[in-house]
Amino acid sequence: MSSTLKKSESLEKILNLLGDISKGKLEVRLTNILEDTLEKDIANGINNILDQTEAFMKEAILSLYEHNKGTSRVRIDRRGYNGTYSHALFQFNLALDRSLRQKQEIETILENLGQAYMTCDRAGQIKGQPSSISTDIFGIAPTGLNICDVLRLEGEERKGVLEWVKLVFEEPIDFVDLKPIGPKNFDKVEGKFIELDYQVIRNKKGKIARLVVIGTDKTEEKKFKEKAAEEAAYVKAILSMVTDKQNFIDFVTEVQSILEYLKKTFSRSRSEIDVDHCFRLIHSVKGGAASFGLRKIGIMETMGENI
């Protein structure tokens, strides 16, 4: 093997390759170098470095991709890597393990709080991996969907929310002032009431990079509040009946009279019905019911006014 390095075609190849490497071109390799020469030894060394570097980068990109998807396969096998590469992969794996544990801990906390967590971009598209409880809370797997699809929004309502998301990213005014404009709850899944909240993730320049949508299951809390309100109204009704017996009797008599009138009125053709007068009577019953704490009657009257 030659111990000196003379100007040759092989040396030109090596110098050209080093020039490409300096420009970030790592996919090229040195080939067709004469055996048993110093150039061949140099070429083998450079090719080995390039092989390890390219493999390292591909494995790292794949590992980060899997990590962002939320899958557990994120570690890189260190076998076949030497020296600094092996040590760097060890540190890389430690960082990924730590990040995955933190992500799992956060998700566990959110699930224990009954919270769904997902992030979206300026177009409202869900990015990354939402917390696993999101599917249960929203009744649909959010991954890859638009936030409006998750919230079952259509028409003008959908258009309005997408405009709001766009404004959040543009931030013409502070996010804290834009936040209350967003949807406040989600009740499209039967039997569930989800309270919505929002936070933002900013990049190094302070610009909003992601909108965080947090859904908290408030179903049981809402039921408890409704039950408490019903019980309070029941107590109020009993006290009102006892302390104001005559007025309560007058109210019941008036309601019976109004119901009889409405029954006869609604049996006529629509053109013969004085709708405004009927609404006034219904409103009168609603007011009387409220004064005696008859909450359910008030709710039913409200529904009747909205028909």
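**View 1. The largest cavity.** About 40 Å³ of space lies in the largest cavity of this predicted model. The count by the rule used here is 1 cavity of 30 Å³ or more. Two elements each give two or more residues to the lining: α6 (155-170) and β5 (208-217). Helix α6 supplies the largest share, 3 residues.

View 2. The lining of the largest cavity includes Cys-120, Ile-147, Leu-151, Val-161 and Trp-164. Val-165, Pro-183, Tyr-198, Leu-211 and Val-213 also line the cavity. By type, the lining holds 10 nonpolar residues, no polar ones and no charged ones.

**View 3. The largest nonpolar core.** This core has 27 residues. Phe-138 and Leu-211 have the most contacts inside the core. Several elements give two or more residues each: β1 (115-120), α4 (134-138), α5 (147-150), α6, α7 (175-178), β4 (194-202) and β5. Helix α6 gives the most, with 5 residues. In soluble globular proteins, nonpolar side chains tend to be buried together.

**View 4. Around Phe-138.** Which residues are in contact with Phe-138, leaving aside its neighbours within four places in sequence? They are Ala-116, Met-118, Val-150, Leu-151, Arg-152, Phe-186, Val-189, Leu-196 and Gly-215.

**View 5. A second core.** A separate core has 10 residues. Among them are Ile-258, Cys-278, Ile-282 and Ala-289.

Key:
Residues are numbered from 1 along each chain as its sequence is written. This is a predicted model: local features need pLDDT of at least 70, side-chain atom pairs count only at pLDDT 80 or more; totals for chains, interfaces and linings use all residues. Side-chain values use heavy atoms; hydrogens and water are left out. On a 1 Å grid over the protein atoms alone, a cavity is a set of points where a 1.4 Å probe fits but cannot get out, and a pocket is an open set with protein on both sides within 12 Å along at least five of seven lines; lining residues have an atom within 4 Å of a point. Grid points are joined across faces, edges and corners, and a volume is the space filled by probe spheres set on the points. Helices (H or I, at least four residues) and strands (E, at least two) are DSSP runs, numbered from the N terminus. Ala, Val, Leu, Ile, Met, Phe, Trp, Tyr, Cys and Pro count as nonpolar, Asp, Glu, Lys and Arg as charged, and the others, Gly among them, as polar. A nonpolar core is a set of buried Ala, Val, Leu, Ile, Met, Phe, Trp, Tyr and Cys residues joined through side-chain atoms within 4.5 Å. Buried means under 20% relative accessible area, exposed over 50%, partly exposed in between (1.4 Å probe, protein chains only). Contact means heavy atoms within 4.5 Å.
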